[in-house]
Amino acid sequence: MENKIIVAIAGNPNSGKTSIFNMLTGARQHVANYPGVTVEKKEGFGKYKGCEITFVDLPGTYSLTAYSVEELVARNFIIDERPDVVVDIVDASNIERNLYLATQLIEMNAPLVLAFNMSDIAEQKGLTFDIEQLSKLLGTTIVQTVGNKAKGKEQLLEAIIKTAEQGREKRVHKIHYGTEIEDELAGIEEAVEEGEKELTAKYPARWVAVKLLEQDSEVTSKIKNNSVIEAVAKSIEHLKNIFRDEPEIVIADRRYGFISGACQETIKSTVELRHSTSDLVDSVVINRILGLPIFLLLMFLTFFLTFKLGKFPMLALEFLFEKLSITVAGFFPQGSESWLKSLLVDGVISGVGGVVVFLPNILLLFLAIAFLEDTGYMARAAFVMDRLMHKIGLHGKSFIPMLIGFGCSVPAIMATRILENRRNRLTTILVLPLFSCGARLTIYALFIPAFFPEKWQGPVLWLIYLIGIALAVICVKLLRLTVFKGETTPFVMELPPYRVPTFKSIAIHMWQRGWLFLKKAGTIILIISIILWAAMSFPKPDQKSLEDAGTERAQQLKLETSIIGRVGKAIEPAIKPLGFDWKIGTALIGATAAKEVFVSQLSIIYSVGESEKSRHTLREKLQANYTPLTAFCVMLFCLISTPCIATTIITKQETGSWFWALFQFAALTIMAYVITLIVYQLGSLFF
Amino acid sequence: MEINNRPLSVVKAGEKVRLVYVDAGHGLRGRLMALGLVPGTILTIINNDQPGPFVISVKNTKVMLGRGMANKIIVSNIAVKNE
């Protein structure tokens with residue numbers, strides 16, 4: 001008996017795979033990435049009858065072709081890692097389509113267990129199964145489960161252990177494709193066994209043969225032997241002549257035929273299917289007239305939930321970090337200028353605190369997304385928005401991260417996980433920062449009342465947001481024409497029936513993402529915070545000048561002599577054409593860390609305090625020093641340039657490469673510079 | 001009797017048709033087949049009111065399609081057998 005086994009979990013999207021995975025692993029899960037691709041790898045652990053089980057949740061797929069990354073990842077895992085058991089989660093209320101994947105798994109000689117999930121819904125629909133007979137016809141063990149109610153867990157584990165003990169058989173039950181195809185398959189199998197010995201050591205020869213007839217791109221590329229290539233080409237021609245269609249279509253058809261045959265004998269429906277509740281809800285939700293308003297309402301609620309509700313825990317966290325600051329500072333003697341103290345308080349605590357403070361937002365966001373996905377609404381939302389998004393060159397689902405981007409880019413970029421197509425995802429991630437975030441609002445709130453008369457204030461704010469959106473649209477079009485050339489993915493998506501999600505599954509969803517965020521972003525942001533802190537604190541002005549100055553002048557001095565201050569002065573000539581001076585320059589550099597820093601930096605530079613009253617004073621000082629045109633340009637620059645380091649880091653994390661993160665950073669910065677330059681220069685001709 | 005092949009996009013909601021073939025590349029065809037759209041399958045049109053979504057029911061599943069996609073799926077009347 002094996003003491004340690006690996007079990008892969010496969011299944012269609014919407015089959016309840018995740019809830020089965022959760023049922024088997026509880027909270028003992030962790031998420032990573034498959035090497036080289038940005039497909040999530042979910043692993044979990046369980047124990048049963050003394051056996052330690054590692055569960056690997058494969059990406060949800062409808063089949064195992066070479067057409068998408070997810071399918072390739074799933075099938076390569078099964079072939080390369082040779083899990084002891086593969087569990088295929090099947091939606092029992094929708095068997096025929098779901099078994100298509102199972103047929104392919106059978107063909108791979110995978111040691112298979114089928115879980116007929118959602119069997120409660122199947123029962124409601126009046127379906128009855130002759131499990132024994134079906135099991136014989138399919139040649140695998142079948143267990144009935146209700147994943148989100150944790151029913152069937154024991155039986156499933158039992159089946160898994162039993163199947164693991166049986167081990168892999170050499171010749172397994174196979175699907176008969178009809179004489180013509182079987183004849184050709186036999187020939188190709190022989191050729192492959194002779195000419196591609198290396199290949200057949202790893203892959204079952206019959207599976208290879210079937211894939212070759214299907215003209216599977218990945219398998220075909222692995223064939224080096226000429227006689228095999230010729231044999232395959234001949235077979236395909238021959239079959240094309242007989243069927244007047246590509247062999248792969250006939251093969252698919254025969255698979256369904258096999259499934260249908262097995263099901264007809266074993267599955268009975270006793271209740272006539274009438275308009276289900278799902279259809280009723282849909283008649284309203286994707287209704288021509290009501291669809292869009294309903295969508296907008298739900299998006300507003302999501303937004304509201306994430307940022308308004310998140311405000312309280314956010315404030316609590318801010319409060320906590322403040323207390324922590326004070327406590328740590330308290331360890332040092334009063335008025336101490338210890339660099340360690342500063343490092344800890346101003347660098348570490350404020351830097352890390354600045355990131356952890358996002359956590360409530362992220363958790364709430366993923367709570368909302370998990371809810372929308374699990375209920376099945378997300379699919380409808382994608383469709384309602386698709387027309388609009390399509391005109392720009394994006395997928396309907398892209399709308400959701402964009403909306404969230406108005407609050408904060410960080411969770412928005414993470415939310416792009418709902419986009420399956422990599423090109424779409426990358427394009428969306430790259431332009432997301434252009435949707436003006438909440439942090440920038442602090443800058444607008446400072447400048448606009450200072451420089452614009454009341455009746456213009458609203459319109460100017462709107463203008464800024466609109467410019468952001470317009471730029472985003474232009475950039476997407478540009479990206480689509482150049483870097484991400486290609487047809488937009490054809491839109492085809494399953495509309496799952498509406499379901500009532502369980503709190504447990506949503507909670508796990510939510511927690512997983514939150515933890516990942518904390519771990520990854522937190523560590524790098526910690527390092528960057530320390531670096532920025534050092535750049536802001538060193539070098540220090542000499543003691544004498546410090547003693548001579550008052551507290552506020554002292555702050556100013558420190559900033560001027562620090563690296564950041566010096567860099568600010570150094571770049572002044574470069575930013576003068578934009579209407580900026582070194583003071584703005586310095587604030588902008590600090591603001592690369594986070595836009596909220598911009599305002600506090602300016603306060604320091606103009607040596608005003610940080611309270612509400614002093615903001616008023618700051619406005620007066622700004623008014624005295626700059627023109628409305630410059631103010632507008634400052635806001636413009638802040639709008640277009642990278643919102644914060646966290647964004648760049650999250651971009652790296654979600655795209656899986658530094659290239660895109662840096663590309664985004666560079667592109668946004670250059671765009672910001674150029675556009676602000678043009679606006680300022682043109683503007684100064686008129687104003 | 002006329003075969004009556006036409007693109008899916010012109011079929012009205014409530015009608016049932018038979019899939020003849022899909023005018024698309026390998027990968028897309030494969031994806032559609034995995035969703036149940038194999039030649040000979042019966043499709044029921046659930047929703048086809050522009051600008052709303054195009055929704056069909058195939059093998060007990062509801063599938064949403066873009067207009068472009070619906071144009072590439074060629075169907076015919078069920079009454080006609082192409083054997």
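## Where the chains touch

In this predicted model, 29 residues of chain B are in contact with 27 residues of chain A, two residues being in contact if their C-beta atoms, placed from the backbone, lie within 7 Å. On the side of chain B that touches chain A, helix 1 (26-34), strand 5 (61-65) and helix 2 (67-72) of chain B each supply at least two residues, and the largest share, 8 residues, comes from helix 1 of chain B. Helices (H or I, at least four residues) and strands (E, at least two) are DSSP runs, numbered from the N terminus.

Sorted by class, this side of chain B has 14 nonpolar, 11 polar and 4 charged residues; Ala, Val, Leu, Ile, Met, Phe, Trp, Tyr, Cys and Pro count as nonpolar, Asp, Glu, Lys and Arg as charged, and the others, Gly among them, as polar.

## Two pairings

Strands pair if DSSP finds at least two bridges between them. Strand 10 of chain A pairs with strand 5 of chain B in the antiparallel sense over 4 bridges, and there Val492(A) has Leu65(B) as its bridge partner. Within chain B, strand 3 (residues 42-48) and strand 4 (residues 54-58) are joined in the antiparallel sense over 5 bridges, with Asn47(B) opposite Val55(B) of strand 4.

## Conventions

Residues are numbered from 1 along each chain as its sequence is written, while chains are lettered from A and ligands numbered from 1 in the order in which they are written. Because this is a predicted model, local features need pLDDT of at least 70 and side-chain atom pairs count only at pLDDT 80 or more, whereas totals for chains, interfaces and linings use all residues.
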